[in-house]
Amino acid sequence: MRIDVKTLPVVEILQDISEHLNAPVVNGSGELTIHVPEEFGEGYIRGISFDCGMGIVSYNCKFYQDVSIHFSLNTVHPLKFIFCSEGQVAHSFQESEEVHEMDAYQNIIVSSSGYNGHVLYFKANVQTHVSSLEIIRSRFSHRTNYDFRDLDPTLKDLFKDSVSKNKFFYQGNYSIKAADIMEEMNTQDYTGFLRSIFLEGKSFHMLVIQIAQYQDDEAEDRLPTILRKSDIHKVDYVAKRIMGDLASNLTVESLAKEAGTNVNKLQEGFKYVYDLTVNKYIQHKKLEAAKEMLMTTEKNISEIVIAIGLNNRSYFSKIFKEKYGVNPKYFLKTRKTTSA
């Protein structure tokens with residue numbers, strides 16, 4: 001199935017896709033959602049535009065046949081930062097037969113030259129989650145960008161190329177950080193105004209991570225070996241295992257064995273992905289969960305300490321204050337004041 005998109009910005013892209021799928025567009029305070037009709041597949045496509053000239057389109061779906069989406073505009077195309085967190089997607093320039101495949105946790109940065117368009121390819125029966133940051137450079141350049149100071153010279157020129165003189169393509173290595181952001185954008189239960197500013201903030205965060213990934217890859221003093229895809233999957237497995245069992249005191253040794261790797265390789269992976277050791281990551285997630293419970297549940301501090309797998313309330317208060325600058329009782333008082 002071929003879908004043709006011939007409009008901008010993101011909200012109009014969604015309108016074109018909805019017409020091809022014969023599916024309505026649901027508007028949630030600026031965030032548009034298309035639910036893929038049952039005859040074509042399952043899942044959804046979402047998009048939102050921001051006043052800064054940036055927008056994001058997220059494809060979280062499975063098509064029952066091969067699908068190609070052709071972005072062919074008689075104008076300058078956006079600069080695109082595309083990231084795949086699940087499944088597989090492919091990209092080509094409209095004028096080229098060369099196709100670049102992206103696996104989970106990979107990204108590409110693309111800019112076409114002139115009015116040359118882009119094509120995204122989705123394979124049949126593959127659950128895929130891919131997001132595309134779309135930057136209209138002529139508008140984005142009007143915000144306060146500080147002349148893109150300290151940005152890699154190639155990217156600096158790319159952001160300043162508002163009329164798309166030069167073609168650019170880069171394919172990045174594996175990043176779970178970007179996948180985590182996509183998951184947060186997908187699961188956080190905000191609505192209306194809060195949802196809109198939450199998505200804009202996360203979109204900028206995603207942009208920062210993808211730029212940092214590019215600069216790390218291009219740096220002359222980068223690590224001589226990049227973690228392999230299998231290593232990244234093991235880090236992702238362990239991170240999710242930790243999140244799914246915060247009440248337990250999991251050890252690095254047991255997690256490494258469960259993931260089918262060794263302690264050193266697992267520690268290396270967490271340092272590369274999260275800039276934390278495994279134990280520091282566990283502590284970080286336990287404290288995040290504790291803060292959330294303090295703010296949103298009726299649990300007292302002793303109950304929360306048990307819920308995150310600690311048995312020493314004094315130690316919990318100590319590490320909580322080190323992380324957040326206040327003791328846990330502060331959030332309890334805030335909760336009581338808000339509910340009063």
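Trainee: Why is N107 called buried in this model?

Mentor: The model is a predicted one, and in it N107 has 2% relative accessibility. Buried means under 20%, so N107 counts as buried.

Trainee: Where does N107 lie?

Mentor: In strand β10, which covers residues 106-111.

Trainee: What makes the side chains of N107 and Q210 a polar contact?

Mentor: Their distance is 2.7 Å, and the cut-off for such a pair of N or O atoms is 3.5 Å. One atom must also be able to donate a hydrogen and the other to accept it. The pair is listed as a polar contact.

Trainee: Which residues does N107 touch, leaving out those up to four places away in sequence?

Mentor: Among them are I82, F83, M102 and Y170, along with Q210 and Q213. Touching here means heavy atoms within 4.5 Å.

Trainee: What makes a residue part of the lining of the largest cavity?

Mentor: A lining residue has an atom within 4 Å of a cavity point. For the largest cavity there are 15 of them, with E31, S58, M185, R195 and L199 nearest its centre. Strand β4 gives the most, four residues.

Trainee: How do the residues of that lining divide into nonpolar, polar and charged?

Mentor: Seven are nonpolar, five polar and three charged in the largest cavity.

Conventions:
Residues numbered from 1 in each chain as written. Predicted model: local features only at pLDDT ≥ 70, side-chain atom pairs only at ≥ 80, totals over all residues. Heavy atoms only, no water. 1 Å grid on protein atoms, 1.4 Å probe; cavity = no way out; pocket = protein on both sides within 12 Å on 5 of 7 lines; lining within 4 Å. Helix = DSSP H or I, 4+ residues; strand = E, 2+ residues; numbered from the N terminus. Nonpolar A, V, L, I, M, F, W, Y, C, P; charged D, E, K, R; others polar. Buried < 20%, exposed > 50% of the residue type's maximum accessible area, 1.4 Å probe, protein only.
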